[in-house]
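Student: Please take one side chain in this model and look at it closely. Then set it against the rest of the fold.

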Amino acid sequence: MSVIDTSVVTAQSFEEWRQITRLLLADGTPPHEVQWQAQSNDGDLFGGEQPIKNRDRSVPAMHVSKELLNMLELAACYRADDRWSFLYRVVWRWQGGDRTVISPADEDGQRLHAMVKTVRREVHKMNAFLRFRERAAELGAPQFVAWFEPLHDVLPRVSRHFAKRMGYASWLIATPEATAVWDGSTLLQGPPSATGPLEVDDEGERLWLAYYRSTFNPARLNVSAMEMHMPVRYWKNMPEGKLIPGLISHAAAGAQRIAQTAAVGERVGTTVHVTAEAAQPERALPTSLDQCRRCDLWRHATQVVEGIGPQQARVMLVGEQPGDQEDIAGKPFVGPAGQLLDRALRAAGLDRDSLYITNAVKHFKWEPRGKRRLHKTPAQLEIDACMFWLEHEIDLVQPDIIVALGSTALKALLKTSKVNLTHMFGQEISHGAQRIIATYHPSYVLRVPGDEEKSAAFAEMVRAFSHAKNVTTS
Ligand code: URA
């Protein structure tokens, strides 16, 4: 007899679901015989007691790959009434030997990938847009408090992130579903907060708002890019959120001409040499790429050239930096290198529109030669400065594989200046969570003298693209 009453099975956390699932699998209970109930609102996000009748029974192991386990854990944070039954079906199929269940070509696999992606994005947004407010010192009370309304159950993940990041400082994060408290050494959970959003009006808050107002540059404002990076729904719980609509409408009214164009763009004074990284306050995210001042390249470029392509893209291409034509068009790979790239993609059977295409450096670096602007290789400092944006794009898109076009892209992705591009050919590189394959930059293929060398370099590119395609279909 099953130790689980399959007519009403409920789990309040991933750990609990996992334990129940192991028992159900051991009993050979098919998904259609289990009535999983939706997680209740007062669910224990951090894990809790299991409603298993016979606790003495040892729980058999659940044999799934590390990749699937990781995906299940993330997907379990996705708020959907049928999340537990869906995850059980996935595991059931996997245990039965059906590996297509994690393929995006499979209906369940597609849903699983979508859930994972959505949860990852929510974790990223909560990490980025959660704002702690310092409280007056009070014995036993946390030093910092924050309120956030996540769309999915990501509080446990996010609180682990802040526990590492904030060291001994104590804090409390309240959400409508649960509360996380860090006392400087232990992470604790609490019931949902009854207080709701924080109303703070103190000196610290006023200083922050004054700082935000003074660094908001209306001359470089790109509202849609800003809303893409910091969606409007987050504004209401961010102190600066209440300033943004006013600042945007001022910008639209032309206030930028008097306000900041000159002040921000062309400040004069003593030059202090610091690295781009050190120059960034740790928590300040520039609100859009268009306003980026992490290095000096923006001064001589026509515009920033952002990455392009669907956020669901499974393959990401990373080039070096925009060229002369890209700088004018505002899009990557539209010039001669782009045309060669298109040919290589076609030869590998990849559809350009399905890819996310970007560059390691987002502004055109050039030097004048007569009337022409000649491409100049970006310096390591500029590659490092732009890394912030590349990482952000990788985080958003989460491609299955990244193709590094040339050594600048590879250096940026591997975060080292010591790479030998040609030694990396033909082998996939694992770097953290990323899978990378390196190949020539299309400009090299255009430039290399000799027909044989050209065809060999072109074939090498096609090989790398075919590898990327295989990754997405495997
Ligand atoms: N070369 C690159 O690396 N990127 C472009 O967008 C164009 C040319």
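**A side chain and its surroundings**

Tutor: The side chain of Glu16 reaches the backbone nitrogen of Gln12 at 3.4 Å, where a polar contact is a donor–acceptor pair of N or O atoms within 3.5 Å, with sequence neighbours counted only side chain to side chain. The model is predicted, with local features needing pLDDT of at least 70 and side-chain atom pairs pLDDT 80 or more, while totals for chains, interfaces and linings use all residues. Numbering starts from 1 along each chain, and side-chain values use heavy atoms, without hydrogens or water.

Glu16 sits in helix 1, which covers residues 14–26. Its relative accessible area is 4%, so Glu16 is buried (under 20%; exposed is over 50%, partly exposed in between; 1.4 Å probe, protein chains only). Of the 474 residues in the protein, 49% are buried.

The protein has 16 helices and 12 strands (DSSP runs: H or I of at least four residues, E of at least two). Of the contacts (heavy atoms within 4.5 Å) with a separation of 6 or more, 71% join residues 24 or more positions apart.

Five strands form an open sheet of mixed pairing, in the order 1-2-3-4-5 (at least two DSSP bridges per pair). Strand 1 (133–134) and strand 5 (187–190) are the edges; each has a single partner strand, so one side of each lacks a neighbour in the sheet. Strand 5 pairs with strand 4 (residues 179–182) in the antiparallel sense, over 4 bridges. Within this pair, Thr179 stands opposite Gly190 of strand 5. Helix 5 (residues 155–165) packs on the sheet and touches strand 3 (171–174), strand 4 and strand 5, its direction making about 160° with that of strand 3 (N-to-C axes fitted to C-alpha atoms, for helices over the stretch in contact, on a scale of 0 to 180 degrees).

At least two lining residues of the second largest pocket come from each of helix 11 (324–329), helix 12 (336–348), strand 9 (372–375), helix 14 (407–414) and helix 15 (442–447).
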